[in-house]
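I opened my notebook beside the model today to see what sits inside this chain. Here are my entries, in the order I looked things up.

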Amino acid sequence: MSHVGKNIRKIRTVKKLSQAAFAELFGLARPSVGAYEEGRSEPKMETLIQIAQHFGLSVDLLLTKELTVNDLYGFERYQQPEAPATELAVADQTQRLTPYVPAARLLEYVVRHHDAGFIDGLTALSFPHELGATTRAFEMQGADMQPTLRHQDVLLTCRVDKATLRLRAGRLYAFLLQNQLLVRRLVEHRADNVLRLRADNPDYPVQDLPFTDALEVWEVQGAFSTYLRPPALVEERVTRLERQVEELLARLG
């Protein structure tokens with residue numbers, strides 16, 4: 001369950017910021033801050049990233065842990081430029097920074113994906129992983145991968161070497177094309193170097209993609225979502241049946 005509302009309130013209290021002052025920092029309406037704190041809505045990913053960067057947090061920690069005052073003071077010490085070099089070296093060893101490509105900058109990324117300076121200038125997200133140095137985070141667009149992925153989910157991916165092209169059937173991949181990021185599950189890698197792909201949403205047809213059309217290939221390793229899925233009716237019934245079985249077993253000794 002997301003803790004972002006409680007954490008925004010905690011940050012405001014520690015920093016002695018009113019809702020209006022906090023909203024002004026990030027270009028928000030004051031009622032939006034109140035809605036976040038009361039759990040009636042959650043910030044967009046872009047806003048979460050801005051909040052995390054401004055206060056020296058990771059997005060993951062902001063959402064998954066209810067912060068304490070000690071946590072916040074610790075983050076403040078991390079932000080100080082005069083921190084000893086040895087302390088910064090330890091922080092670098094524990095953080096996994098991944099360049100983030102939001103949907104609004106995707107076409108710019110298509111044009112400049114080989115530009116190291118452009119990549120270094122992208123917002124970096126911190127994820128706990130052991131995927132190696134070359135990773136990307138992409139913003140998911142559309143409903144073609146529902147229910148597995150949702151619109152505006154953030155995908156954590158690692159690079160697939162186009163020289164060896166070791167793709168596995170059934171795995172999720174993100175293909176950077178000239179005009180879009182195509183996220184699909186691999187069905188088959190044919191001998192003519194054409195990839196047969198399918199969406200998880202059955203309303204979308206199976207499609208063939210010539211491998212040469214892909215500028216980059218990334219394997220999806222995980223996804224971050226602010227969507228909290230309510231329990232399905234079937235899950236509720238299964239849970240109820242399990243509870244009834246437990247009660248019967250308890251009565252039988």
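**Entry 1: the chain overall.** I began with burial: 38% of the 253 residues in the chain are buried, meaning under 20% relative accessible area, with exposed set at over 50% and partly exposed in between (1.4 Å probe, protein chains only). I am working from a predicted model, in which local features need pLDDT of at least 70, side-chain atom pairs count only at pLDDT 80 or more, and totals for chains, interfaces and linings use all residues. Residues are numbered from 1 along each chain as its sequence is written, and side-chain values use heavy atoms, with hydrogens and water left out.

I then noted 10 helices and 9 strands; these are DSSP runs numbered from the N terminus, helices being H or I of at least four residues and strands E of at least two. For contacts (heavy atoms within 4.5 Å), I looked at those with a separation of 6 or more, and 59% of them join residues 24 or more positions apart.

**Entry 2: the cores.** Which residues have the most contacts inside the largest nonpolar core? I found F22, M45, V59, L62, L125 and V154, in a core of 27 residues. Such a core is a set of buried Ala, Val, Leu, Ile, Met, Phe, Trp, Tyr and Cys residues joined through side-chain atoms within 4.5 Å. Two or more residues each come from α1 (4–15), α2 (19–25), α3 (30–37), α4 (45–54), α5 (59–64) and β4 (154–159). The largest share, 5 residues, belongs to α4.

Leaving aside residues up to four places away in sequence, I listed what F22 touches: I8, I11, R12, L17, V33, I51 and F55. Apart from this core lies another, of 20 residues, with Y109, F138, L172 and W218 among them.

**Entry 3: the rings.** I searched the whole structure and got 7 aromatic pairs. Rings of Phe, Tyr and Trp (its six-membered ring) pair if their centres lie within 6.5 Å; planes under 30 degrees apart count as stacked, over 60 as edge-to-face and the rest as tilted. Y109 and F118 have ring centres 6.4 Å apart and planes at 40°, so I logged them as tilted. Y109 is buried at 0% relative accessible area, and F118 is buried at 4%.

F138 and W218 have centres 6.1 Å apart and planes at 65°, so that pair is edge-to-face. It links distant parts of the chain, 80 residues apart: F138 is in strand β3 (residues 135–139) and W218 in strand β9 (residues 216–224). Ring pairs join Y109, F118, F138 and W218 into a cluster.
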